[in-house]
Amino acid sequence: MPRKRLDIVHPKVARYLESLVPPRDRVLAEMEARAEREDIPIVGPLVGRLFYQLALMTGAKRVMELGSAIGYSTMWWARGVGEGGEVWYTDASEENAHDAIQYLERGGVAQRVHFMVGDAVQCMAAVKGKFDIVFCDIDKPGYPAALRAAMPRLRRGGLLVVDNTLWRGWVASGWGGGDSTKAVRRLNQLTYADDDAAFAVLIPLRDGVSVVVKR
Ligand SMILES: C[S@@+](CC[C@H](N)C(=O)[O-])C[C@H]1O[C@@H](n2cnc3c(N)ncnc32)[C@H](O)[C@@H]1O
């Protein structure tokens, strides 16, 4: 039987936060509507805006995304890195990549995006050089290994950003989510394990977003 999720913030507070967000352009709005209809777990506009802001704040020019689906979060990163920036899209599904290319072309940023299909961590290993930001949104059991693979690939001052780090509240509830919950809890422990190496904050926005600065 599926376990009930916990509210991360009170539903009224969540609706208030959503009410503040300005309307998105046609392509993002279309992606959001499709995600809603087809139950595709995109980060949504509250978190998308955070990504755009993080890219602006850090002047990021190289962003590696682990788990990109139809390219919604990719769109926010690609817009955030601006002209001359690069984003690596990765997903296990050819079909998702096909759809993402269409959306990102229509969104005017496809030329900044490298599309890779396969295991995301292996895709990252195939790209040379350091990244300003690595964003992780793959299947949750893969989170601890993804973190271990990502940290050495970041420049100093670079960010590891991880979605779903409150995992429907199950990390706190003690029930629900099985192996995924265990893996997210492990990731959270690892991100907070050594402040001198990397400084983490888990932001209780939507389903939880962790931002970890490599020192
Ligand atoms: C939560 S969705 C990504 C949503 C996307 N980041 C967004 O917010 O628009 C996770 C995606 O990662 C892909 N995925 C899961 N595990 C993966 C892995 N180990 N390697 C590559 N892709 C993976 C799935 O196919 C799925 O499309």
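Which helix holds Leu 190? Leu 190 is found in helix α9, which spans residues 178-191. The model is a predicted one: local features need pLDDT of at least 70, side-chain atom pairs count only at pLDDT 80 or more, and totals for chains, interfaces and linings use all residues. Residues are numbered from 1 along each chain as its sequence is written, and side-chain values use heavy atoms, with hydrogens and water left out.

The chain contains nine helices and seven strands. These are DSSP runs, numbered from the N terminus (helices: H or I, at least four residues; strands: E, at least two). The radius of gyration is 16 Å, which agrees with the value near 17 Å that a compact globule of 215 residues would have. That radius is taken over C-alpha atoms, and the globule rule is 2.2 Å times the number of residues to the power 0.38. Along the principal axes, the C-alpha atoms fill a box of roughly 45 × 40 × 30 Å.

Of the 215 residues, 51% count as buried. Buried means under 20% relative accessible area, exposed over 50%, and partly exposed in between (1.4 Å probe, protein chains only). The chain exposes about 10,800 Å², and carbon and sulfur atoms supply 54% of this area. Accessible areas come from the Shrake-Rupley method with a 1.4 Å probe; for residues, only the protein chains shown count as cover. Contact means heavy atoms within 4.5 Å. Among contacts between residues at least 6 apart in sequence, 69% join residues at least 24 apart.

The largest nonpolar core has 39 residues. Such a core is a set of buried Ala, Val, Leu, Ile, Met, Phe, Trp, Tyr and Cys residues joined through side-chain atoms within 4.5 Å. Met 31, Phe 51, Trp 77 and Val 161 have the most contacts inside it. The elements giving two or more residues to this core are the helices α2 (26-38), α3 (44-58), α4 (72-81) and α5 (94-106), and the strands β2 (86-91), β4 (131-136), β5 (154-163) and β7 (209-214). Apart from this core lies another, of 30 residues, among them Met 64, Met 116, Val 162 and Ala 200. In soluble globular proteins, nonpolar side chains tend to be buried together. Beyond residues up to four places away in sequence, Phe 51 touches Val 43, Ser 73, Trp 76, Trp 77, Phe 135, Val 161 and Val 209.

Leu 190 has a relative accessibility of 22%, so it counts as partly exposed. Leaving out residues up to four places away in sequence, Leu 190 touches Pro 144, Leu 147 and Arg 148. The C-alpha atoms of Leu 190 and Ala 200 are separated by 9.5 Å, with the two residues 10 apart along the chain.

Asp 99 lies in helix α5. Its relative accessible area is 18%, so Asp 99 is buried. Neighbours within four places in sequence aside, Asp 99 is in contact with Arg 34 and Ile 70.

The loop between β5 and α8 (170-173) holds Asn 164. Arg 168 is found in the loop between β5 and α8 as well. Phi of Asn 164 is near 65°, a positive value in a residue other than glycine. Phi of Arg 168 is near 60°, also positive in a residue other than glycine. Asn 164 counts as buried because its relative accessibility is 7%. Arg 168, at 21%, counts as partly exposed.
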